[in-house]
Amino acid sequence: MLRHYTDHPNDLPLLQQTIAATQREESGAPAGDTPRSKILYAARNKLYTVSSSRGNLVVKSFRIPIILQRIVYTFLRPSKALRSYRNAIRLQSCGIGTPAPLGYAIERKDGLLRRSYYVCESIATGRDIRLAMQGLEEDDTLLRALAAFIARMHQAGIHHIDLSPGNVLYEQNDEGEYQFYLIDLNRMHFYDYPITGQRAYDNFARLSLCSAVSQQLAEYYAEVQGADISEAVRGIQTASDRFFRSKVRKYARKTLVKEEKSMSRSAHRRGYLRYRRTRLLRKITHSAALYRREEELYHTYLEAGDLRGTLRRSEGYTQAHNEK
């Protein structure tokens, strides 16, 4: 049974029509004369855009949880759709940009949550910050504005746990000023006090795979916050290096197995385990031959995922081909 929720009763018919259009798209049913839904993004969760009298709306369709998660989201914790809606309203009350929320919907089966949907308005001219964070699009004004935006978040006690390049949109007004919007809101914390120190620096960990960009952001952030610049640079660089190093295996597998399809999942797993064994033995024996073999395994199985070059630098391997 599907139930729709919104704080504005007048929006309920539009919310129902929008979710219905999304469900028809998911099921492959004909749209007829009703609003049409178009898929924007398909992975673990899916994003749809639906044309409406209010302009384009975006629907996030969360995947069906496994049984344990269904129990948790039914009895112990709010669903991701509900959290997204509540967090969007909270962000607006704090003056932090996010696409205006319309509402959410929950579908239950056998008393347990099955599907959930979150609906918000679309930022038609919004772009994400991926290119800038990769160092491929140089815009010092954008970086300064982004650092100031994150500082305002932290001053308001807002911690977006998944603060990644794809989850920050921006647009420019006629005066060239930047306006930022947070999306993917189901994982957030709100504190009654400003976020400072290493907790604040850790929030930058996912933003940039480019060390030079991280340094610029750290310097601009410290200026806005009145913090020690060298401490901010050290804290943000350390957090970013730690995060991207922890993801080397995952990113390498994604590139080599899923995108390039140059090896199988099992071959990549075996290669990674050989790399781990070889590195362990090399550290014990200090063998030059083992180091050469370790570096060879790194370039074959892990270099594609060492986006920030953190593993290469820490182990002293030769220049990574993909480092920015």
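Two strands count as paired if DSSP finds at least two bridges between them. Helices (H or I, at least four residues) and strands (E, at least two) are DSSP runs, numbered from the N terminus.

The model is predicted: local features need pLDDT of at least 70, side-chain atom pairs count only at pLDDT 80 or more, and totals for chains, interfaces and linings use all residues. Residues are numbered from 1 along each chain as its sequence is written, and side-chain values use heavy atoms, with hydrogens and water left out.

**Exercise 1. Determine the strand order of the open three-stranded sheet and state which strands stand at its edges.**

Step 1. The order of the open sheet is 7-9-10, and the pairing is antiparallel.

Step 2. Strand 7 (127–128) and strand 10 (178–182) are the edge strands; each has a single partner strand, so one side of each is left without a neighbour in the sheet.

Step 3. Helix 5 (residues 140–155) packs on this sheet and touches strand 9 and strand 10, where contact means heavy atoms within 4.5 Å. The direction of helix 5 makes about 50° with that of strand 10; axes are lines fitted to C-alpha atoms, for helices over the stretch in contact, and angles run from 0 to 180 degrees between N-to-C directions.

Step 4. Strand 9 (residues 168–172) and strand 10 run antiparallel and are joined by five bridges. Opposite Tyr170 stands Phe180 of strand 10.

**Exercise 2. Describe the largest cavity by its volume and lining.**

Step 1. On a 1 Å grid over the protein atoms alone, a cavity is a set of points where a 1.4 Å probe fits but cannot get out, and a pocket is an open set with protein on both sides within 12 Å along at least five of seven lines; lining residues have an atom within 4 Å of a point.

Step 2. The structure holds one cavity of 30 Å³ or more, and the largest cavity has a volume of about 100 Å³.

Step 3. Its lining consists of Phe62, Arg63, Pro65, Gln69, Tyr73, Ser79, Lys80, Leu113 and Ser116. Helix 2 (67–76) and strand 6 (112–121) are the elements that give two or more residues to this lining.

Step 4. The lining of the largest cavity divides into four nonpolar, three polar and two charged residues.

**Exercise 3. Identify the helix that gives the most to the lining of the second largest pocket.**

Step 1. The second largest pocket holds about 160 Å³ of space.

Step 2. Helix 8 (229–246), helix 9 (248–259) and helix 10 (265–285) are the elements that give two or more residues to its lining.

Step 3. Helix 10 gives the most, with four residues.

Methods. Grid points are joined across faces, edges and corners, and a volume is the space filled by probe spheres set on the points. Ala, Val, Leu, Ile, Met, Phe, Trp, Tyr, Cys and Pro count as nonpolar, Asp, Glu, Lys and Arg as charged, and the others, Gly among them, as polar.
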